[in-house]
Amino acid sequence: MKNIQIENIVIWAKNPSLEPKILSFAKGKINIIYGLSQTGKSAIIPIIDYCLGSKQNKIPVGHIRDYSAWFGIVLNIDETKVLIVRENLDEASNKIIVLENIENIPSLVDRSDEKDIKDFKLELNKIMGVPFYEPAHSLGIRDSRLSFRDLVTFNFQPQYIVANPNCLLYKMDVSQYKRLMLPVFNLVIGAETLENIENRIKLDNLKDKLNKLLKIKEETKRTKAIQLEKCESIISNAIKYGLLDETYSDKIRNPKEYKNILKILSEKTIRDLSPSLKNADSISDLLNDINKEIEPLNNRLITLQSQKEHIEELIALLKERNERLKTKTNRLEIAKFIHTFCEENVDETTCLGDLEELCSNLDALTNSLKERLEPEIALYVKKLLDIDKEINDISMNIEDLKKEKVEISKIGEKKNIVEKIYEDIIIKSKILLEFANSKDEDTNNQIKDIQKQIDEISIDNVEAEYNNCIKNIIKYGQKYLPDIKEFHYISQFIKDDMTIKVKKEEYSNKDFYLWETGSGSNWVAFHIGVILGFHFHFIEKNLPIFNFVMYDQPSQVYFPQKILKKEDEKFEDKDIKQVKKMFKTFQDAVKDANGKLQIIVSDHADELVWGDIPEEYKHIVANWSNGEALIPQEWIS
């Protein structure tokens with residue numbers, strides 16, 4: 001794999017008349033940036049990460065963001081210099097500028113060289129030798145393809161990580177990034193190939209499907225057993241209605257006999273339940289015929305009722321008129337009184353002849369009215385009697401038909417009862433027997449198909465290779481563990497938590513998580529050792545990685561805020577010795593790596609602490625202890 005280290009960090013000012021700020025780094029050495037707080041030391045990691053394609057611009061706000069237009073880094077890739085530039089935007093730009101084989105850093109950025117950042121990531125993956133093969137099966141929540149972006153977790157130890165007891169690796173304090181790293185961790189450390197991961201994921205998915213189908217099959221089997229328990233009531237009813245003899249009562253609670261009994265019952269017919277019900281099928285026809293007879297009779301009855309009401313109204317009117325005529329006749333009785341009076345007093349009346357003529361006319365009128373009224377009423381009364389007789393005859397006929405219908409319906413009810421028993425015993429027996437004998441062909445075929453796919457997949461013994469890799473990482477981590485700690489041994493790497501366990505004595509049975517050790521010296525020591533352990537393992541296995549690691553202010557547990565100066569008496573000599581041990585570890589690491597590893601340290605501590613490092617192993621990038629800073633004062637002025 002190619003060796004990739006940092007050659008330069010470049011910042012272009014928003015004012016184009018100003019020259020860019022350039023920090024130069026040396027390959028295979030300890031590159032040191034030291035100085036006061038708030039000079040820009042902690043911005044180095046976010047700048048490098050941003051230029052390496054980070055989705056977020058986490059470069060600190062303030063002077064750095066206010067006065068900078070572009071950020072860039074120069075990577076030394078096997079002695080080929082590649083300039084990578086990104087624009088300073090609040091929202092990370094999806095464009096990037098990549099210039100290969102550069103001789104000099106340009107004073108101005110040419111935007112015409114911009115390309116899509118996705119293309120840049122693909123190209124850098126190829127350059128680094130990150131496996132491009134993309135599995136067909138998703139690795140959990142992440143995209144299948146491994147990217148160099150996954151690998152930067154081993155390159156940076158920011159100030160909030162380098163002595164963090166709860167988090168060992170960059171970004172692993174964010175659960176999302178940790179979940180993204182877990183599926184490809186074996187690949188990253190060289191414990192397995194991407195193809196093996198694909199096969200493993202595919203195998204896990206197939207096993208999940210197989211387990212679900214086996215659960216379905218088992219559930220179906222259990223359901224069949226539960227359904228067969230219904231045989232108890234079916235057998236009891238079958239004995240009750242004579243479909244089975246009493247000898248079967250002993251087998252009601254014998255599930256082994258259920259299928260045989262169901263087979264016997266399923267072969268029964270409705271005739272076995274009611275042999276006498278021969279004409280049962282004609283019942284509905286008879287009922288329909290009776291309904292057809294009743295319907296016209298009901299219609300005739302309604303017509304007669306209407307006629308009867310009409311005649312009764314006419315008779316009432318005639319009787320009313322008769323009463324009025326009687327009243328008139330009664331009024332004519334006075335003429336008879338006058339006639340009698342005149343006859344008795346003939347001497348005193350002169351109009352007797354006229355009166356007799358009047359009375360004669362009145363009598364004739366009264367007799368004429370009586371002759372007209374009585375025969376007319378009698379006619380309607382006779383017609384009414386005829387209608388009543390017909391109504392009575394029809395009503396009796398309808399009643400007889402209804403009685404006949406009731407009798408026939410009783411036969412129908414018997415048929416319904418028989419059919420209900422037929423459904424509850426014979427039909428249910430057939431359905432239950434079919435269900436009990438069903439073979440679940442679809443499920444069985446799916447199980448066979450998945451089992452065949454499982455048998456065809458071959459995966460390597462990852463566990464053994466993984467353990468070997470972790471042992472190698474711990475071996476190197478132990479070698480480059482600064483002697484500044486109370487706990488002396490790395491006992492385990494806990495993959496799920498991306499952290500370690502440590503112990504005091506090599507052969508002690510008790511080990512502890514890093515956060516249980518309770519000392520800043522322990523925390524920073526194990527961060528330094530484990531990260532170097534990873535890098536020496538990557539170098540030995542020739543794995544794709546950026547061959548630099550940056551520690552931001554590792555001496556903070558001793559010198560939290562300000563730079564250490566010779567005239568200070570605040571700090572104890574033992575604290576200085578502890579920090580020197582850190583830098584001695586860095587010196588040993590770059591010496592052993594023989595130019596293949598670059599260490600970058602930004603810190604408050606100055607040369608009073610680490611000044612005795614031989615020049616061949618150190619390179620002073622910047623001294624910001626006397627007013628200098630990452631952003632030049634002339635940019636601000």
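**Exercise 1.** Determine how many of the residues of helix α1 (residues 44-51) are buried.

Solution. Helix α1 is mostly covered, since eight of its eight residues are buried, where buried means under 20% relative accessible area with a 1.4 Å probe and protein chains only. The buried residues are Ile44, Ile45, Pro46, Ile47, Ile48, Asp49, Tyr50 and Cys51. After α1 comes Gly53, which has a positive phi near 95 degrees. The model is predicted, and local features need pLDDT of at least 70, side-chain atom pairs count only at pLDDT 80 or more, and totals for chains, interfaces and linings use all residues. Residues are numbered from 1 along each chain as its sequence is written, and side-chain values use heavy atoms, with hydrogens and water left out.

**Exercise 2.** Decide whether Leu23 is buried or exposed, and list the residues that it touches.

Solution. Begin with the position of Leu23, which belongs to strand β2 (residues 21-24); a strand here is a DSSP run of E with at least two residues, and a helix is a run of H or I with at least four. Leu23 has a relative accessible area of 3% and is buried. Leaving aside residues up to four places away in sequence, Leu23 touches Glu7, Asn8, Ile9, Ile33, Ile44, Val621, Ala622, Trp624 and Leu630, a contact being heavy atoms within 4.5 Å. Ile44, one of these partners, is also among the buried residues of α1. Finally, Leu23 and Ile73 are 50 residues apart in sequence, while their C-alpha atoms are 9.3 Å apart in space.

**Exercise 3.** Classify how the axes of helix α15 (residues 520-541) and helix α16 (residues 573-593) are arranged, and identify the residues that make the contact.

Solution. The two axes, which are lines fitted to C-alpha atoms over the stretch in contact, with angles from 0 to 180 degrees between N-to-C directions, come within 11 Å and cross at roughly 5 degrees. Helix α15 is therefore roughly parallel to α16, because angles under 35 degrees count as roughly parallel, over 145 as roughly antiparallel, 65 to 115 as roughly perpendicular and the rest as oblique. From α15, the contact uses Val524, Ile528, Leu532 and Phe536, and from α16 it uses Met582, Thr585, Phe586, Ala589, Asp592 and Ala593. By class, these residues are eight nonpolar, one polar and one charged, with Ala, Val, Leu, Ile, Met, Phe, Trp, Tyr, Cys and Pro counted as nonpolar, Asp, Glu, Lys and Arg as charged, and the others, Gly among them, as polar.

Key: Buried means under 20% relative accessible area, exposed over 50%, partly exposed in between (1.4 Å probe, protein chains only).
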